[in-house]
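Please keep the sequence and the structure in view while reading.

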Amino acid sequence: RNRSFRPALVLKTIAGLPVRNIFTTNIDKLLETACRNDTSEDPVVVTRPQQLSCPNGNERRIIKIHGDIDYPDTIVLTDEDYARFPDKCASMRMFFQGHLAFSTMLLIGFGLKDPNFSYIYAAARGLVSEPGPRVIALMTKQNDFEVKKWRAQGLSINNFTNYDDVPAFLRQVLRYC
């Protein structure tokens with residue numbers, strides 16, 4: 001544990017959210033570090049489909065959809081990795097897809113141009129006949145075309161000037177939860 005590390009405010013805010021499953025496509029350790037600094041309990045880091053068993057009690061899980069820097073065989077980075085992702089990571093993809101379809105999800109800085117996300121999101125929308133739980137993305141500097149395209153697909157996008165504005169927004173939202 002590196003306690004001298006100071007995560008960005010947006011990561012500290014995410015770490016403080018009252019959620020049990022956090023999905024990320026980042027392969028670095030920044031989110032885990034922010035969560036460890038937020039509580040005395042280490043989050044469970046899921047990098048492989050076999051680790052997707054039922055959570056124990058109130059444990060917090062960070063599900064690393066594109067792998068982890070410490071496990072190079074799990075990383076999705078190259079075009080070839082993206083092409084193999086649907087088959088190689090089918091369980092991980094379906095787990096995320098189920099959450100998108102049947103839960104309220106908040107996406108922060110998620111890659112809306114990520115081909116895996118586009119595929120998973122479309123499949124999740126196909127699972128529900130009625131507009132279900134909301135999927136909200138907090139993004140920065142998205143172009144109008146991308147925002148309109150995703151809104152037409154049911155994704156609500158809050159477009160911020162920079163990520164320093166996100167923590168104040170999240171604190172406001174938490175007041176109403």
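Which residue in β6 stands opposite Thr140? Thr140 has Phe160 across from it in β6. Before going further, note that this is a predicted model, in which local features need pLDDT of at least 70 and side-chain atom pairs count only at pLDDT 80 or more, while totals for chains, interfaces and linings use all residues. Residues are numbered from 1 along each chain as its sequence is written, and side-chain values use heavy atoms, with hydrogens and water left out.

The strands concerned are β5, residues 135-140, and β6, residues 156-160, which pair in the parallel sense over 5 bridges. Two strands pair if DSSP finds at least two bridges between them; helices (H or I, at least four residues) and strands (E, at least two) are DSSP runs, numbered from the N terminus. Together with helix α6 (residues 144-152), β5 and β6 make a right-handed β-α-β unit. Right-handed means that, with the strands pointing away from the viewer, the path from the first strand over the helix to the second runs clockwise.

Another set of strands forms an open sheet: 3 strands in the order β1-β3-β2, with parallel pairing. Its edge strands are β1 (21-24) and β2 (44-46), each pairing on one side only. On average, neighbouring strands of this sheet are turned by 20° against each other, direction ignored. Such angles are taken between axes, which are lines fitted to C-alpha atoms (for helices over the stretch in contact), and run from 0 to 180 degrees between N-to-C directions. Within the sheet, β2 is joined to β3 (residues 61-64) by 3 bridges, and Val44 has Arg61 in β3 as its bridge partner.

The side chains come next. The whole structure holds 7 aromatic pairs. Rings of Phe, Tyr and Trp (its six-membered ring) pair if their centres lie within 6.5 Å; planes under 30 degrees apart count as stacked, over 60 as edge-to-face and the rest as tilted. Phe96 and Phe117 form a tilted pair, 6.4 Å centre to centre with 45° between the planes. Phe96 lies in helix α4 (residues 90-102) and Phe117 in helix α5 (residues 115-127), so this pair ties together parts 21 residues apart in sequence. Both Phe96 and Phe117 are buried (under 20% relative accessible area, with exposed over 50% and partly exposed in between; 1.4 Å probe, protein chains only).

Phe117 also pairs with Trp150: the ring centres are 5.4 Å apart and the planes at 45°, so the pair is tilted. Trp150 is buried, as is Phe117. Ring pairs link Phe23, Phe95, Phe96, Phe117, Tyr121 and Trp150 into a cluster.
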